[in-house]
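Here's a quick look at rings, charges and sulfurs in one protein model. Have the sequence and the 3D view open while you read.

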Amino acid sequence: MADKGAWGPNGRIYTTKYPYEGPFLDKMPAKQLKGFYKRDDPEVVRKQLDFMYDYGIDFFAYNWFFGRHYYYHRNFAPQSDVYYPKGWKIDAARDGRVAVPGVEEWTDQLDVLLQENYKRPEGKRLKFALNWCDDSEDRWIQWLRMASPENLRSKTNYRGETPDKDLYLRVHDKITLLWIDKYFHRSDYLTDEIGRPVVYFYFPHDTEARASYYGVRLNELLQRSQNLAKNAGFPGIKFIAVTSGAMTSSLQAYGMPTSWKPFDPDQPWKGGNYSDRLLFQDYVPRLKALGFEGLTAYIYHDFYDQNNKSYADMRKTYRGHWDKWSAYFRDDDQFDYQVPVAMGWDRRPAGGTWPQKSGLPSEPLKDRVRSDKSTFKAKLTDARDVLLENRSSNGNTLMVCCWNEYLEGNHIEPSRGHGFDYLEAIREVLSP
């Protein structure tokens with residue numbers, strides 16, 4: 001794999017010590033899904049929805065990305081259907097070029113999932129929620145680059161298209177209005193008991209750090225979204241933080257940043273420094289004040305000095321988090337700790353864990369975190385028991401990650417190697 005953005009200038013380097021180990025055919029999706037399928041194939045999507053429903057999955061949270069730097073033209077036919085809030089300013093002299101940029105990215109699969117979901121009988125439709133992934137350094141730099149001499153010379157941008165605080169806030173409003181207009185009004189969108197749409201927010205510390213560049217606090221951004229949702233007739237939005245991070249003091253340098261400053265204030269697109277880093281146990285207590293009403297995780301790689309080099313390790317790591325955060329939020333019935341479960345971690349198909357500039361993996365043992373039906377079922381059983389024990393404060397959601405994250409070896413979708421093992425475990429443990 002020659003991912004030059006993640007690795008060194010020559011991509012991934014393979015040696016006798018670190019040989020090429022992927023892709024793995026045992027990770028090929030099951031034959032019912034046509035093997036390595038097109039993600040927007042309606043036939044495949046119908047099967048995926050069938051499998052989720054038949055094996056007891058109630059809803060899915062879809063990773064949702066937004067490129068905030070993209071300007072487009074409302075009067076140019078291929079771009080005329082791109083979302084833009086009704087009545088917002090455009091430049092008629094430039095084919096209706098939008099005044100506030102930004103487009104959804106990689107929604108082809110989601111679009112088909114939702115089309116096919118609506119075709120199902122009402123009683124068999126799955127609920128869905130958005131998991132906003134605002135964590136890309138590349139997107140952030142592209143946003144800042146809008147005011148660069150290079151972009152102005154190439155006419156990628158025009159004078160006045162400046163990534164200042166006002167535009168940053170208007171883009172955030174645009175994101176929220178897109179959620180409202182395109183997704184929240186759907187009957188299959190996930191809502192809480194009082195009708196608030198649920199939005200998962202992946203790695204909020206990245207957004208917090210970048211918003212600090214403008215002197216904007218994360219709770220201010222979430223409150224803007226709350227106000228827009230209420231103006232649209234909703235009771236508000238329930239934001240759930242999807243986050244994890246280092247917990248060992250020796251890893252403070254790799255902690256969760258809460259601020260970002262450019263190396264050169266006159267050329268912020270040249271990059272900057274993420275600072276004011278917190279360890280995970282210091283970040284979580286801040287979540288409620290930041291505007292979140294719940295917490296779950298994509299992957300827990302460690303719990304203090306315990307880290308994952310096997311699935312047995314991962315079970316210990318997760319148990320540590322379950323107990324710590326269930327106890328921490330036990331007396332707060334206004335904050336849900338949604339107990340997370342993962343079937344493993346094996347990033348070798350994407351080059352290994354973790355990338356470093358030499359092109360060699362720095363922690364190859366972390367790619368040996370693999371479960372089978374028995375060990376995954378045992379972990380699910382433990383998670384269910386923790387959830388039930390703390391149900392009055394944790395709520396009633398157990399999050400299983402992920403459906404089809406093959407490149408990181410974290411998937412429950414039926415595959416050639418594991419068949420339906422993981423879905424069977426979910427049905428056996430969690431079905432009424």
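Arginine 186 lies over the face of tyrosine 118, 3.9 Å from the ring centre. There's another such case: lysine 379 has its charged end over the ring of tyrosine 318, at 3.5 Å from the centre. To count as a charge over a ring, NZ of Lys or CZ of Arg has to be within 6 Å of the ring centre and within 35 degrees of the ring normal.

A word on where this comes from: the model is predicted, so local features need pLDDT of at least 70 and side-chain atom pairs count only at pLDDT 80 or more, while totals for chains, interfaces and linings use all residues. Residues are numbered from 1 along each chain as its sequence is written, and side-chain values use heavy atoms, with hydrogens and water left out.

On to rings with rings. Rings of Phe, Tyr and Trp (its six-membered ring) pair if their centres lie within 6.5 Å; planes under 30 degrees apart are stacked, over 60 edge-to-face, and the rest tilted. That rule gives 40 aromatic pairs, including these two:

| Aromatic pair | Centre to centre | Angle between planes | Type |
|---|---|---|---|
| Tyrosine 84 and tryptophan 88 | 6.0 Å | 85° | edge-to-face |
| Phenylalanine 128 and tyrosine 183 | 6.1 Å | 75° | edge-to-face |

How exposed are these rings' residues? Buried means under 20% relative accessible area, exposed over 50%, and partly exposed in between (1.4 Å probe, protein chains only). Tyrosine 84 counts as buried because its relative accessibility is 9%, whereas tryptophan 88, with 26%, is partly exposed. Phenylalanine 128 and tyrosine 183 are both buried.

What does the phenylalanine 128 and tyrosine 183 pair tie together? Phenylalanine 128 is in strand β5 (residues 127-133) and tyrosine 183 is in helix α5 (residues 165-184), so the pair links parts 55 residues apart in sequence. Helices (H or I, at least four residues) and strands (E, at least two) are DSSP runs, numbered from the N terminus.

Helix α5 itself is largely enclosed by the rest of the structure, because 15 of its 20 residues are buried. Its end C-alpha atoms are 27 Å apart, which agrees with the 28 Å its 20 residues should span at 1.5 Å a residue (the expected span is 1.5 Å times one less than the number of residues).

Finally, the sulfurs. With a disulfide taken as a pair of cysteine sulfur atoms within 2.5 Å, the count is one. Cysteine 401 and cysteine 402 form a disulfide with sulfur atoms 2.1 Å apart, and both residues are buried. Cysteine 133 is in no disulfide; its nearest cysteine sulfur, on cysteine 402, is 9.9 Å away. Cysteine 133 is buried too, at 5% relative accessibility.
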